[in-house]
Amino acid sequence: MWTKIRLPIVLALGAAVAIWSLHAAVSGGGAKASAAQAPRTASASPSAASSGQPSASGKPSASGKPSATVSTPASTKSVEQAKGKVVYLTFDDGPDPRWTPEVLAVLAKHNVHGTFFMLAEHADAHPDLVDEVRTAGNAIGNHSVSHPQLTKLSPARLHEQVANGIQSKCFRPPYGATNPRVKAEIKRDGMQQVLWDVDTNDWKRPGATTIANRVVAGARPGAIILMHDGGGNRSQTVAGLDQALTKLSARGYGFATLSC
């Protein structure tokens with residue numbers, strides 16, 4: 001009799017223990033899953049996203065600030081190669097069969113080099129001058145195909161003028177006329193915009209001495225100086241360049257090319 005009664009009781013107790021154990025296992029597993037998800041939820045919270053800190057993906061955070069891995073547009077100065085008391089002589093609108101060789105002769109006389117921002121239409125007409133400029137150790141920059149004001153062009157014409165210019169890593173917009181659209185096109189075509197620090201206005205032909213004085217007065221470490229070897233009579237530029245180089249050399253200045 002007792003044996004018949006005891007068997008159902010034992011079976012009932014065993015079932016209760018099994019149910020309790022199963023419940024504990026399920027509850028414990030759920031707690032562990034929640035704990036594992038908590039860090040991911042916290043890192044994606046609005047407060048973390050808007051903190052201004054870089055995201056792990058390298059994309060801008062919700063604050064709009066770029067992460068450490070997002071590159072920013074390079075400045076004009078980043079194309080420079082040298083440090084210290086050095087200036088950068090640049091010449092626009094060539095190559096010109098009359099004046100480019102004379103500018104090269106003055107540079108050679110003083111054993112210095114410059115950067116020539118060339119128009120593609122002139123470079124195509126005088127490939128020998130392009131080679132002469134390079135062979136002499138000077139750098140060459142892109143100054144567009146035909147010298148239009150880029151800010152007034154359609155997107156298609158802008159691309160044509162920038163992309164079809166002479167091959168270089170540097171681009172100088174004609175007239176210095178630029179805006180965000182022009183800068184974006186220059187960057188898209190794999191170049192960097194380069195303007196200047198000192199405008200000699202030599203194209204106005206103010207006199208060789210005035211041109212030289214403007215170069216000397218504007219010289220400082222890292223200054224980019226604008227002159228022209230094309231676009232008209234550059235006899236005053238040639239003479240002024242000779243005077244300026246003599247004076248700057250006496251003051252301990254060196255000269256370098258831009259890394260174009």
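Author: In this predicted model, the largest nonpolar core has 31 residues. Three of them touch the most other members: L89, L107 and L241. Strand 1 (86–94), strand 2 and strand 7 (224–228) each supply at least two residues. So do helix 3 (99–109), helix 5 (127–135), helix 8 (208–218) and helix 9 (235–250).

Now look at L107. Set aside its neighbours within four places in sequence.

Helix 3 and helix 9 pack with their axes 10 Å apart, at an angle of about 10°. An angle under 35 degrees counts as roughly parallel, so helix 3 is roughly parallel to helix 9. On the helix 3 side, the contact is made by W99, E102, V103, V106, L107 and K109. On the helix 9 side, it is made by S235, V238, L241, D242 and L245.

Helix 9 also meets helix 8. Their axes come within 7 Å and cross at roughly 40°. That angle makes helix 8 oblique to helix 9. The crossing is right-handed. Helix 8 brings A208, T209, I211, A212, N213, V215 and V216 to the contact. Helix 9 brings Q236, T237, A239, G240, Q243, A244, K247 and L248.

Next, follow strand 2, another supplier of the core. Strand 2 covers residues 115–118 and pairs with strand 3. The pairing is parallel, over four bridges. M118 stands opposite N142 in strand 3. Strand 3 itself covers residues 139–142. A139 and G141 point one way from this strand, while I140 and N142 point the other way. All four are buried.

Last, step back to the protein chain. It has nine helices and eight strands. Of its 260 residues, 40% are buried. Take the contacts with a separation of 6 or more: residues 24 or more positions apart account for 73% of them.

Definitions and conventions. Residues numbered from 1 in each chain as written. Predicted model: local features only at pLDDT ≥ 70, side-chain atom pairs only at ≥ 80, totals over all residues. Heavy atoms only, no water. Buried < 20%, exposed > 50% of the residue type's maximum accessible area, 1.4 Å probe, protein only. Pairing = 2+ DSSP bridges. Core = buried A, V, L, I, M, F, W, Y, C linked by side-chain atoms within 4.5 Å. Contact = heavy atoms within 4.5 Å. Axes fitted to C-alpha atoms, helices over the stretch in contact; angles between N-to-C directions. Parallel < 35°, antiparallel > 145°, perpendicular 65-115°, else oblique. Left-handed = near helix turned anticlockwise from the far one by under 90°.
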